[in-house]
Every structure is written in C-alpha cells, then in structure tokens.
Amino acid sequence: MIAKTNKKIKIPIVFAFDENYKLPASVAIASLLASKKENTEYDIFVLYTDLSENTRAAFDKIARINWVYVDGQRFEKYPHTNYHYPAIVYYRLIIHELFPQYDKMIWSDVDVLFKGDLQNIYQTDIEKYFWGGVIEQKNAYCMFGHNYFSENKNDNIYYSGFMLINCKKMRAENISDVFVRIISNHKDELLCFDLEVLNAACNPIKSLPFEYCMVESIYRESDFNKAYDWKFLKTVYKEEELRKAKKHPRIIHYNYNDSLKIWERPRKQIPDYYWIFLEKSPFFKLSDHYPPKQTLFDYLIYILQCFLAKTLPVKKWRQKLHYITGKYCQRYYGDKN
C-alpha cells in the first residue's frame, strides 16, 4: 500500500498593480488561495510603485505577500496609457532580473479569477522555452489588434496575461537587452505593449492549455459567434477544443476587449461566482461600486463604451476611448486612503 504524501509544493507567483487595480487584485489573490490544493503553497510576490501603506496592509490580511518595490521611472519613457495600460504592464519583463533565486516563476495579470490549482501547469517542462503562454491567434501580416513585427519568428501570438517564465533561460540569454531593443525600435507601433514585446523577443514559446486563459467572452457565450474573441481564436482553435476548456477552466481572464471590466459593471451584470469574492474585498464599498448612483450621464457613458468597443475597427482607437472614459470611472476606483 502506497502512503499518500502531504509534501508541500511551493509555487512562486508574481503580480503587479497600482491603486486603480487594487479591487480586482484582491479578488484574484483571494480566488487563488480559495482554489488551491491542500498541499499547494503559493509564494506570492507583488511588484509595486505607488501602493499606499493602507492598501498593502489590507492585502496582508488576505494573504502573506512579499512586496517588491520597483522604480517606475525606468518604464515611463516606454509607450503606455495612464489608466488601463499604465507603465506597470512592463514590470513582467524584469521578473527574471528581480528573482535570481528562482529558475521558474508564474506571472498573472490581476483582472482574473482563479478556479483551479496551478501545480500541474507549474510542473510543465519549459527548459527549452523562454516562457509558456496560451495561444491567441496566428502570427501573420494582418492580425486582430496587433501589428506585425519582423523579429517575431513564432508561428502564433501568445497571451501575456498568464505566463510560465523560464527565468534561468532569460538570464542566460540576456533577454532584457532584446526587450529594450524592440521597444526602442517599435515604440510608435506597439498596440498591446508587453504582449507584443514578449512575443517578438522570445522564440520559442511553449503553448499552454486554453484553460489557463479562458477569456470571458468565450466563457460567457454559448454561441461563439457572439463572442468578441472568437473572430481571432478560430484561426488557431476548433470550437470543440474551446467548449472542452469551458467545462473546467483554471483561470478566467476578464480581458478588456468588450464592454467594461467586470468589477466596473452594474451588479446585475456581474455573475455570482465573481461577486462572492468582490463583495468580500476590503476595497469594496457598495456606495463606491460602479455606478454608485445611476445618472443619465452614467448610463450614456456605459452605452458608449459598450457600443464603440464592438464597432471601432482599430484597437488603438479603442484604447484611446477606454482611456478617456476610464478617467471618468477612475474617480470611483482611485486611492480612497
């Protein structure tokens, strides 16, 4: 008879966010812990620049977090927007530099909900790869939401919202220099910033199961033709593949391709499986929830975002729209401390 082992499996995982994203970050970290196996132990690191002491203290009550300060001036010269795509999106590019004690780490965006343990994916062999990610679409001259870069020799484009990073290989091959060179050469062409840099600089990239980046539109819609992401996902996935992934997703990613971010929506548009974490967040106050008091202007802003997010043909225009209207939403999600 073989005895069961209770040996702890330690998994290092890195996040980065600012005050604007503390609410969804609290949901992400709480759901990470709620969905883990008994013998999984997450070593959680948060890269930050402008988080207040009160915010960090509140997170310390959710989980044991290792706070790592990053000088944001290093990235301010890189292309970014101030709200939904701040310079902090580039922090994932220096994880291999910041943690020399690790050969492999996980990175995750915070606009996610964890629904499964990460032991299996962390144990994936990526020795020959710079990092592992979920395929988004074919790498081609004409793509949805991306520019083509000649440096990118990969067959596919990979999401950068969830990454299994081979820190050892990145350090050995001085990948940081490649990142800087690509950003400098294409600073006026980058649309998705970190995603395009990581895809152009790194070859090869390991393909991970779609369950680890189940985008919301696919998870929500029974008819994939109504899902925003299907128009490019269908270039690399069969419908039955995604339906299988829907049954047991590990991570739901609330990417900003259609409508508002999930935590910015009226209550009736937030599914219960997300709401149960949202309402328990130390940063959630019913009076602050979008929209706190529905006015005609609130309604018009919401309708405008929903409509234009689906009709504007160029992602760069959509980003500008989200930045402008996002500044309006930001007054509800700015630092209240």
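Which residues are buried in α7? They are D194, L195, E196, V197, L198, N199, A200 and A201, where buried means under 20% relative accessible area, exposed means over 50%, and partly exposed lies in between, with a 1.4 Å probe and protein chains only. Helix α7 covers residues 194-201, and eight of its eight residues are buried. Helices (H or I, at least four residues) and strands (E, at least two) are DSSP runs numbered from the N terminus. The buried residues of α7 pack against β6 (131-138), β7 (156-158), β8 (162-166), α6 (175-186) and β9 (205-208).

Residues are numbered from 1 along each chain as its sequence is written, and side-chain values use heavy atoms, with hydrogens and water left out.

The predictor's confidence in each residue, pLDDT, runs from 0 to 100. Its average over the chain is 85, and 80% of the residues score at least 70. Over residues 325-337, pLDDT stays under 50, and the model has 42 contacts beyond four places in sequence for this stretch; a contact means heavy atoms within 4.5 Å. Where pLDDT is low, the predicted coordinates should not be read in detail.

I turn to the strands. Two strands pair if DSSP finds at least two bridges between them. Strand β1 (residues 9-16) pairs with β4 in the parallel sense over two bridges, and β1 also pairs with β2 in the parallel sense, over eight bridges. Residue I13 stands opposite I44 in β2, and its bridge partner in β4 is I106. In turn, I106 has L164 as its bridge partner in β8, where β4 and β8 pair in the antiparallel sense over five bridges.

How is β4 itself covered? Strand β4 spans residues 104-108, and five of its five residues are buried. K104, I106 and S108 point one way, whereas M105 and W107 point the other way. In a regular strand the side chains alternate between the two faces of the sheet. Strand β2 (residues 40-48) is mostly covered as well, with eight of its nine residues buried.

A further, open sheet has three strands in the order β5-β11-β10, with mixed pairing. Because β5 (112-114) and β10 (214-215) stand at the edges with a single partner strand each, one side of each is left without a neighbour in the sheet. Strand β5 pairs with β11 (residues 251-253) in the antiparallel sense over three bridges, and L113 stands opposite I252 in β11.

D229 lies in the loop between α8 (216-220) and α9 (230-233). D229 is buried yet has no salt bridge, and the nearest side chain of opposite charge, K231, is 7.1 Å away. A salt bridge requires a side-chain nitrogen of Lys or Arg within 4 Å of a carboxyl oxygen of Asp or Glu; Lys and Arg count as positive and Asp and Glu as negative, with His and the chain ends not counted. The side chains of D229 and S217 are joined by a polar contact of 2.4 Å. A polar contact is a pair of N or O atoms within 3.5 Å; within protein, one must be able to donate a hydrogen and the other to accept it, and residues adjacent in sequence count only if both atoms are side-chain atoms. D60, in helix α2 (residues 53-60), counts as partly exposed because its relative accessibility is 41%. The side chains of D60 and W67 form a polar contact of 2.9 Å.
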